[in-house]
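Reader: I have a chain on my screen and would like to walk through it with you. Could you take my questions one at a time?

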Amino acid sequence: MGSSSNFATVVDRNSVSSRWNDRPINIPSLLRKLTGSVALVVACSIVFTNDKGKWAGIANIRFDPWYWVPSSTSSNLRSGHDVHEMEKRKLLSFAIAHDPKTIHEKVELFDQCGFPQHRVDSGELNSRYCSWEHHKAIIECSMPNANMVLKPPSEPEPLEIIQQYSLIPGVKDPAGTRSSFELPPLPRCKTAKELTDAVRKGSRIWPSWIEGEGEIGREVEPPIFSSDREQVPSRFSPHKCRAPPLPPSPERTCEILNLYSHVIMVGDSLTRHLRTALYSAMRGNWYEGAVVTDNAETREKCRCDGQYSEHPVCRTFDDYFTKPSKPTGGGMCSNLPLGDTTDDESGNDSFVITGIDQMHTKWGIPNNVISWEDKDCNNPNNRGILYFMQGGLHFQSNSAEYVKEIMDPLLSNPAFRRCVETGKLRMIWSGITSQSRHMDDIYPWQSRENTKKFNDEVIEFLRVRAEKENIMNYIYLLDWQALTQDSMPNGIHQLSDVNLAKAAHFLELAQLIK
């Protein structure tokens with residue numbers, strides 16, 4: 001252990017008030033309940049010495065699954081004499097070291113790439129690129145004129161926009177031409193709530209950067225206004241714990257999805273972009289892997305950020321993901337057994353992924369297109385259903401119509417409920433994300449204020465319904481408003497950095513809730 005100044009206070013054995021799950025506790029009373037004897041207090045006091053053999057403190061006693069930590073600290077106890085005095089006064093002493101390596105369970109920190117921070121600090125790992133896929137995408141999409149985004153004809157901008165790639169390196173670019181800032185290291189999110197809070201309560205941050213080179217270079221301050229911020233790549237800073245900004249390896253992506261027998265994704269164009277980001281993650285190709293067609297024009301004009309364009313040319317998918325499909329083709333998920341058919345539930349099959357575009361019935365397109373009857377949740381080989389649901393755009397942010405047309409029929413479906421009751425279904429709901437401010441005049445119902453109201457109303461409906469029907473443990477909320485606010489603009493839609501982050505959050509949550 002280090003110097004004695006790390007250690008803390010004397011605690012009276014008869015009256016101890018400290019923070020333990022935010023309430024006072026009485027140590028002797030607690031010990032009597034746990035052991036039936038106060039004698040254990042003496043038996044379990046542990047004296048630590050430093051490297052010179054001198055007394056360095058007395059450790060607190062840990063009781064799993066909790067441990068007690070005094071709320072205040074002091075450095076009055078520094079020698080063997082203090083131990084003697086404590087014995088004479090018959091006080092129970094708990095000296096708490098601040099060094100996490102000695103008393104507390106060490107919390108490992110990870111950088112924005114997910115690398116252990118101590119290995120980055122030692123120079124063992126370099127966080128400039130988080131993975132081979134990250135490296136390749138940066139190289140390919142940073143070439144001159146490579147990052148072209150086709151704008152839909154309805155938007156008041158030129159059709160073809162050449163812009164800076166939204167995905168940025170992990171750490172400072174030596175050339176100073178790209179965003180050059182890092183996020184503080186964070187611990188992993190250990191629970192679904194920690195992860196969803198990290199995403200919901202996070203915020204985007206913008207760097208200062210250097211224009212020019214050498215002595216003529218000047219530092220440019222981060223932008224202040226929303227319209228300016230949208231033109232500069234930024235990073236999303238999660239709240240308290242690490243929400244991964246990029247998907248894992250293609251093999252790991254497939255393994256996570258394969259925790260389930262069925263991955264069902266129901267929503268509008270925002271969900272379609274999430275599906276294509278997952279497709280690029282499964283292929284290990286972030287710069288053109290989301291293009292799921294053999295159409296030559298699409299493959300030429302819809303690369304990099306252009307993969308997420310809403311221009312008709314970039315919405316050619318050869319019907320992939322619009323019907324139940326095994327993850328086949330393009331070198332995707334070769335580490336998984338495929339099985340014979342999309343309804344194979346032998347236990348040796350790969351997952352089946354289904355994508356459904358949600359439409360309002362006033363457009364004459366039925367919504368009940370998912371066959372629940374072939375989802376046999378009583379089959380012991382069925383690994384379960386991961387059901388992602390998002391919507392609102394096609395309902396112009398009208399929560400009452402959305403609930404009536406989409407949510408209520410789903411939650412009332414007997415087959416859906418059977419899967420919930422057997423514990424074989426996990427549902428993730430996500431609402432509408434943040435629209436670029438310059439689009440508010442064209443699509444006022446998609447403004448941030450209106451979409452937040454829509455999201456809040458649907459969440460309240462889900463909360464009341466889930467509590468009433470005791471299904472709270474099966475529904476999870478991924479709120480991406482903070483992630484998307486003032487990100488590089490694509491109208492209500494987002495580009496590579498946000499869609500890959502969404503895919504990463506989705507995959508991380510899929511593991512935690514399984």
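This is a predicted model: local features need pLDDT of at least 70, side-chain atom pairs count only at pLDDT 80 or more; totals for chains, interfaces and linings use all residues.

Reader: What percentage of the 514 residues counts as buried?

Author: Let me begin with the contacts. Among those in the chain with a separation of 6 or more, residues 24 or more positions apart account for 72%. As for burial, the share of the 514 residues that counts as buried is 53%.

Reader: How far apart are the end C-alpha atoms of helix H13?

Author: Helix H13 covers residues 448-469, which makes 22 residues. At 1.5 Å a residue, H13 should span 32 Å. The model agrees with that, as the end C-alpha atoms are apart by 31 Å.

Reader: Within what arc do the buried residues of H13 fall, seen down its axis?

Author: The buried residues of H13 are Arg448, Thr451, Phe454, Asn455, Val458, Leu462, Arg465 and Ala466. In general, an α-helix has 3.6 residues a turn, so residues three or four places apart point the same way. The buried residues of H13 line one face of the helix, because seen down the axis they fall within an arc of 135 degrees.

Reader: Which helices and strands do those buried residues of H13 pack against?

Author: Two strands are among the partners, S14 (425-430) and S15 (475-477). The buried residues of H13 also pack against helix H7 (226-229), helix H11 (399-412) and helix H14 (481-484).

Reader: Which residue just after H13 takes a positive phi?

Author: Look at the position that follows the end of the helix. Phi there is about 60 degrees, and the residue is Asn470.

Reader: Which element gives the most to the lining of the largest pocket?

Author: The largest pocket has a volume of about 600 Å³, and 20 residues line it. Nearest its centre lie Thr196, Arg200, Ile459, Leu477 and Asp479. Helix H6 (192-200), H13, S15 and H14 each supply at least two residues of the lining. With eight residues, the element that gives the most is H13.

Reader: What covers the buried residues of H6?

Author: The buried residues in H6 are Ala192, Leu195, Thr196, Asp197, Ala198 and Val199. What covers them includes S10, S15, H14 and H15.

Reader: Which element provides the largest share of the lining of the largest cavity?

Author: There are six cavities of 30 Å³ or more, and the largest has a volume of about 350 Å³. Its lining has 27 residues, with Gln112, Leu183, Arg235, Phe236 and Pro245 nearest the centre. The elements that give two or more residues to this lining are S10 and helix H15 (496-513). The largest share, four residues, comes from H15.

Reader: How many residues lining the second largest cavity are polar?

Author: About 60 Å³ of space lies in the second largest cavity. It is lined by 15 residues, and the closest to its centre are Ser434, Ser436, Thr484, Ser487 and Gly491. By class, this lining has two nonpolar and three charged residues, while the polar ones number ten.

Reader: Is Leu246 buried or exposed?

Author: Leu246 is found in the loop between strand S10 (235-237) and helix H8 (250-257). Leaving aside neighbours within four places in sequence, Leu246 is in contact with Cys130, His134, Leu167, Trp286, Leu500 and Ala504. With a relative accessible area of 13%, under the 20% cut-off, Leu246 is buried.

Reader: Is Asp486 buried or exposed?

Author: Asp486 is found in the loop between H14 and H15. Its phi is near 65 degrees, a positive value in a residue other than glycine. At 5% relative accessibility, Asp486 counts as buried.

Reader: And what is the relative accessible area of Gln396?

Author: Gln396 is found in the loop between strand S13 (385-390) and H11, with a positive phi near 50 degrees. Gln396 is partly exposed, and its relative accessible area is 45%.

Conventions:
Residues are numbered from 1 along each chain as its sequence is written. Side-chain values use heavy atoms; hydrogens and water are left out. The expected span of a helix is 1.5 Å times one less than its number of residues. Buried means under 20% relative accessible area, exposed over 50%, partly exposed in between (1.4 Å probe, protein chains only). The arc is that of the directions from the helix axis to the C-beta atoms. Contact means heavy atoms within 4.5 Å. On a 1 Å grid over the protein atoms alone, a cavity is a set of points where a 1.4 Å probe fits but cannot get out, and a pocket is an open set with protein on both sides within 12 Å along at least five of seven lines; lining residues have an atom within 4 Å of a point. Grid points are joined across faces, edges and corners, and a volume is the space filled by probe spheres set on the points. Ala, Val, Leu, Ile, Met, Phe, Trp, Tyr, Cys and Pro count as nonpolar, Asp, Glu, Lys and Arg as charged, and the others, Gly among them, as polar.
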